[in-house]
2 protein chains.
Amino acid sequence: MISVPRAAIRRCFSAHAASYPSRTHNCGALRAEHADVPVVLAGWLLPQRKVSNALSFFSLRDAVGATQLVANRNSERSARTLDALAAVPTESVVVVEGSVRLRPQNARRSSDPTGDVEVLIHDFTLLNPACHALMPFLPSDPSSIPNEELRSRFRHLDFRRSGSLLSSNLRKRSEVAHVVRNYLNEEDFVEVETPLLLKSTPEGAREFLVPTRVGQTSVESSTPNVPRDSTTPPPLFYTLPQSPQQPKQLLVASGAVDRYYQLARCFRDEDGRKDRQPEFTQIDLEMAFVDWGEKQQPTTGVAPSDDKWRIGGREVRRITEELIRRVWRKAEHVELPSSFPVMTYYEAMSKFGSDKPDTRFGLHIQNLADHVPQSYRENLSNRDELLEYILVRAGSPGEDFLAASNRISLDPNEGVDRFVMRDGDATLSWGRETEALRDIGSQYGLSGLDVNGLNQHLGLRVGDTLFIARRHMFSGGGSSALGRVRSRIAEAASELGTYTPSPTPHFLWVTEFPLFTPASADPENQRAILDSGDDKRILWCSTHHPFTAPMAEDVGALQQGEFENVRGQHYDLVLNGVEVGGGSVRVHDADMQEYIFEKVLKLSNNEKASFDHLLHALRCGAPPHGGIALGFDRLVAILCGTTSIRDVIAFPKTGGGLDPLFKSPSTIPDAILAQYGIRAR
Amino acid sequence: MISVPRAAIRRCFSAHAASYPSRTHNCGALRAEHADVPVVLAGWLLPQRKVSNALSFFSLRDAVGATQLVANRNSERSARTLDALAAVPTESVVVVEGSVRLRPQNARRSSDPTGDVEVLIHDFTLLNPACHALMPFLPSDPSSIPNEELRSRFRHLDFRRSGSLLSSNLRKRSEVAHVVRNYLNEEDFVEVETPLLLKSTPEGAREFLVPTRVGQTSVESSTPNVPRDSTTPPPLFYTLPQSPQQPKQLLVASGAVDRYYQLARCFRDEDGRKDRQPEFTQIDLEMAFVDWGEKQQPTTGVAPSDDKWRIGGREVRRITEELIRRVWRKAEHVELPSSFPVMTYYEAMSKFGSDKPDTRFGLHIQNLADHVPQSYRENLSNRDELLEYILVRAGSPGEDFLAASNRISLDPNEGVDRFVMRDGDATLSWGRETEALRDIGSQYGLSGLDVNGLNQHLGLRVGDTLFIARRHMFSGGGSSALGRVRSRIAEAASELGTYTPSPTPHFLWVTEFPLFTPASADPENQRAILDSGDDKRILWCSTHHPFTAPMAEDVGALQQGEFENVRGQHYDLVLNGVEVGGGSVRVHDADMQEYIFEKVLKLSNNEKASFDHLLHALRCGAPPHGGIALGFDRLVAILCGTTSIRDVIAFPKTGGGLDPLFKSPSTIPDAILAQYGIRAR
């Protein structure tokens with residue numbers, strides 16, 4: 001026991017610094033069964049509700065819940081306690097000694113976990129007073145809704161704000177992580193931590209550099225401006241990984257582990273695109289000996305053999321689906337189907353105009369080519385083009401897109417035209433809605449179009465709306481113009497209230513992506529910057545990453561240089577039109593990997609050198625392997641019912657990469673930079 | 001099913017790229033009960049053992065285990081299979097179809113999990129050949145033991161090496177992490193990921209900087225050498241945290257979570273001290289409302305009330321002890337005591353000359369002052385010095401340090417003298433062993449020493465060895481000269497075989513550290529560098545970090561400026577003389593925290609500003625809180641029986657911070673640096 005006079009300590013510092021009663025329960029724990037139990041609770045004091053001069057209620061809140069406190073004037077002592085507690089500023093931290101009692105029947109609240117009881121206060125200790133003068137908003141005041149900027153600068157107050165779900169989101173995130181880890185552990189996955197201080201690679205998007213003092217001769221802090229001479233060692237840098245792709249492949253390729261996983265922190269230095277964070281978390285898996293499942297193990301959940309999964313990596317699919325099923329079971333109490341549907345990239349682009357289609361609603365894209373004159377069809381085909389349409393007509397309640405389809409605005413540049421079917425003299429006629437379309441005949445060169453026949457074939461009715469667009473067959477990218485129109489119609493309908501998305505989550509695998517994309521079509525491709533020298537012949541980049549294996553059927557095309565025809569053993573997991581993860585079977589053949597580096601991606605020797613260790617591992621006997629990475633932040637955001645991953649990250653950065661709470665990034669004194677052998681430009 | 005002609009594919013690339021039979025078991029799974037079961041195994045082919053021309057054994061190994069394969073010439077087909085398999089280079093990856101059979105009784109190996117069975121090969125597919133010409137060593141060759149440098153450059157081969165424990169160490173690490181997480185989850189801890197891109201602070205050791213493109217106007221890659229003008233924005237940096245100390249305190253102080261944990265990656269840019277890594281992992285905890293435990297909850301394991309834990313944070317102690325107990329139970333099958341002993345820093349330094357004493361053996365340090373003349377005693381006391389000794393005499397078998405104590409060498413500079421008791425004329429005399437000691441009287445100013453009396457008092461016997469040294473009472477730091485001699489004696493005795501350390505782990509809490517250390521005594525203190533301006537009055541730095549709360553008894557001393565007398569509510573967990581973790585009760589009083597920043601640590605306003613958010617959180621009502629961080633790498637290394645944490649990290653760096661596998665750190669082209677607004681000095 002500590003025998004310091006408490007008063008002496010309180011005199012000079014503001015908070016209670018000595019011993020105090022241990023709490024017996026958290027503020028969310030008390031139930032009717034605790035009636036008459038003496039308890040000690042600790043938490044934040046919420047505003048007083050004064051029933052009369054002789055009776056007041058308070059709430060005491062902590063990270064778990066809130067409990068109602070009662071103070072009265074039944075005795076001299078209790079009156080003193082009431083007065084003292086009423087004088088404590090709200091949001092202060094107190095520890096309360098009291099006893100549990102049942103509330104009167106009519107005051108019970110079954111919606112509140114502690115709603116059956118209240119705690120009669122006997123005594124309390126003020127552990128730490130809150131200074132209202134310094135608080136930009138009071139977390140316990142439900143009427144004050146601070147703006148986003150204030151909330152992010154004072155995240156520590158936002159956590160405690162009434163109506164904020166941040167704290168419960170963090171708890172859910174932790175629970176989901178636990179479900180994930182338990183399942184993977186059960187499946188014999190080994191959790192391995194891979195380095196965050198890694199090596200720069202010529203793979204795609206922007207990396208963070210980490211200068212190190214390694215190799216720097218020590219520099220006097222007082223001489224930051226003295227230039228070094230030519231013998232000065234150059235500064236050296238690690239790189240923060242965009243994913244643990246290479247380390248995890250090395251682990252599995254080497255035989256160190258058969259099944260690897262990690263909830264891995266990843267980094268990307270890019271201008272704050274909407275809802276991206278410079279650091280984010282992946283559920284990262286890799287498995288040795290993934291295969292096509294010729295001989296399914298009797299114990300595994302075998303997917304129907306007629307589904308469209310025609311690539312390797314079936315084990316990855318099985319593990320991922322079960323992992324997702326367990327998460328939904330635990331967090332949402334929803335039982336998902338025993339296997340998720342599979343769609344090829346080709347089908348996704350043709351039918352939905354997107355490589356991450358939202359399959360909760362129809363509005364399918366269809367090919368118009370069958371209904372246009374032969375000459376036009378040939379013309380399209382010569383230019384590798386398709387002519388596609390979406391037909392919108394009145395639907396059923398809760399799934400009617402017609403009003404929305406007439407409400408969305410079309411950008412003349414996106415090349416989509418909208419036609420509304422009108423009642424003509426005898427037959428339906430095409431009504432033009434866009435200024436851009438002067439004449440359907442000339443626009444599409446459809447002068448020989450049999451409008452009547454087409455009307456009849458499509459079963460067009462008055463009021464139907466038709467969207468038409470051309471699409472390049474090998475355009476690459478994630479969506480077509482018509483696909484984007486499809487999404488906008490659904491959004492508009494959802495806002496109008498004519499469409500209510502199904503509450504059942506629609507999971508979907510998209511497979512058989514083109515392995516390579518023309519470099520010009522990939523805005524994220526950095527190769528042009530890295531390759532500042534002479535070789536400007538770069539034409540192709542990897543659609544995902546250079547380690548993805550081609551489909552077995554397309555190995556011949558790869559060898560023959562028909563790179564546009566090579567499909568990868570890549571799979572994306574899509575939920576309600578949002579990509580929640582992606583992975584692939586990897587190249588395990590060193591010769592094939594070198595061929596891809598050299599003949600397809602045209603890496604320079606320097607660039608290739610950054611993959612030397614991987615090539616070496618493949619040459620020393622590496623098993624077929626594959627894996628997946630699921631976006632953990634995004635997954636948790638969906639489970640928390642929020643559209644922003646910032647709501648499920650404890651201390652997120654703004655879209656611009658700023659941390660308004662810790663005030664990073666910041667400048668660093670020249671003397672410190674000098675220790676790393678660097679200076680401001 | 002894939003219908004690609006396999007031969008066509010194999011012709012050009014070296015590995016098997018199409019479908020192959022799915023494995024039914026891993027290579028460590030088969031037991032006697034599987035006899036006659038048809039199986040498919042996949043793994044690395046180990047060397048052939050040819051029994052006769054008609055019978056050969058192979059081993060097939062994967063990350064889990066190894067299985068014996070048998071091939072014979074009983075049929076034309078099996079002969080073909082044998083010849084083909086014998087032609088496959090060892091270390092190649094194959095998938096084998098066969099059937100399990102029991103080995104003959106005399107060939108069974110009970111020490112080997114698969115030692116009862118073997119697999120008769122029916123067919124196999126070569127998935128990926130190993131290229132021996134490129135392999136600096138063959139992992140399957142037990143006779144080749146590559147040197148450390150080769151093993152770290154080719155870590156991916158070292159993982160697979162016979163006799164390497166790396167792979168099983170990784171598995172154990174994963175298991176321990178799982179035990180830790182399960183326990184903390186059970187105790188209602190919320191796992192929260194805190195930012196790795198954080199803000200620079202003036203706290204102690206060396207940080208890694210992360211330059212960002214945020215705020216940089218885009219720079220043409222082709223003009224790296226054009227200097228920017230004065231309107232150029234300065235480069236901005238995040239900092240990688242040395243620990244999540246501030247974010248975790250903010251989380252708990254704000255009420256976001258009541259109990260936080262994280263297996264947190266931490267970073268420190270320092271010259272490779274022995275067995276330190278620039279990135280490492282902590283089991284990081286923080287709890288709200290930690291207290292002295294006045295009213296113990298009936299369900300908790302109450303520590304004996306007479307133990308020496310006289311500070312707050314009892315909940316942290318209880319959680320940590322139970323966490324460690326579960327880890328040892330699971331990983332070592334050892335039941336640890338229900339509570340770990342507690343020792344104050346004062347006692348640890350006095351009795352063991354170390355703040356992380358190895359309590360598995362005696363050799364206690366004792367105070368000689370009681371046995372020296374009064375005048376000398378006063379002289380010592382005036383200089384705040386102690387005169388201490390270790391007496392070594394013949395011990396029992398397995399715990400005899402006498403021979404070792406005469407074998408260790410003493411550095412004349414460390415100020416320790418060794419005396420061996422010899423048989424004199426009538427009484428024992430001091431025999432000098434060190435050249436440095438000319439005369440015991442003059443050396444210690446002990447001219448009036450009653451040698452006989454001292455001999456008698458200490459019970460000195462012929463052959464006993466005495467080590468004597470002076471020590472400054474407030475020297476700070478982790479060990480005294482005599483403490484280091486004590487450790488060296490134990491090491492030497494262990495090598496000699498006269499001392500065998502107890503196999504029982506000796507856990508120990510060390511508490512009540514001095515809260516502040518003279519800045520000059522702390523070699524890690526960076527303040528002198530950061531504070532390049534005028535204010536050179538800095539005298540004190542935090543022994544651990546500036547957020548540690550003083551002991552309640554010492555708050556008065558803190559206020560009165562007697563900083564050397566203030567003990568902190570800090571606790572270190574020590575195992576067998578190794579620090580495995582440390583933590584504290586934090587300051588939750590904003591006034592006290594500001595007082596420490598300003599009056600004790602003399603932080604500049606700029607330096608103090610980096611703690612603004614924490615001070616603000618404390619002023620908005622923060623509960624008493626405390627936590628601990630356990631060194632996860634070190635803990636796992638101990639459990640794996642290795643002295644190097646590199647053996648339990650998948651891809652470690654060398655002592656010098658280099659990664660010989662990924663070849664980091666490396667130089668970065670000027671054009672890339674320019675994007676961050678930096679350049680080489």
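Predicted model: local features only at pLDDT ≥ 70, side-chain atom pairs only at ≥ 80, totals over all residues.
Local features need pLDDT of at least 70 and side-chain atom pairs count only at pLDDT 80 or more, whereas totals for chains, interfaces and linings use all residues. Residues are numbered from 1 along each chain as its sequence is written, and side-chain values use heavy atoms, with hydrogens and water left out.

**View 1. Helices H6 and H18 of chain A cross within 10 Å of each other's axes.** Helix H6(A) spans residues 245-254 and helix H18(A) residues 612-619 (helices are DSSP runs of H or I, at least four residues, numbered from the N terminus). Their axes, which are lines fitted to C-alpha atoms over the stretch in contact, with angles running from 0 to 180 degrees between N-to-C directions, cross at roughly 20 degrees. The two helices are therefore roughly parallel, a term for angles under 35 degrees.

**View 2. Residues of H6(A) meet residues of H18(A).** Gln246(A), Gln249(A) and Leu250(A) on H6(A) are in contact with His613(A), Leu614(A) and Ala617(A) on H18(A), where contact means heavy atoms within 4.5 Å.

**View 3. Chain A and chain B share an interface with salt bridges.** Each chain gives 160 residues to the contact, and about 14300 Å² is buried between them, 60% of it from carbon and sulfur atoms (buried area is the accessible area, with a 1.4 Å probe, that two parts lose on being put together, summed over both). Across this interface the rule finds 10 salt bridges, each a side-chain nitrogen of Lys or Arg within 4 Å of a carboxyl oxygen of Asp or Glu. A salt bridge joins the side chains of Asp269(A) and Arg213(B), at 3.3 Å from N to O.

How values were computed
Chains lettered and ligands numbered in written order. Parallel < 35°, antiparallel > 145°, perpendicular 65-115°, else oblique.
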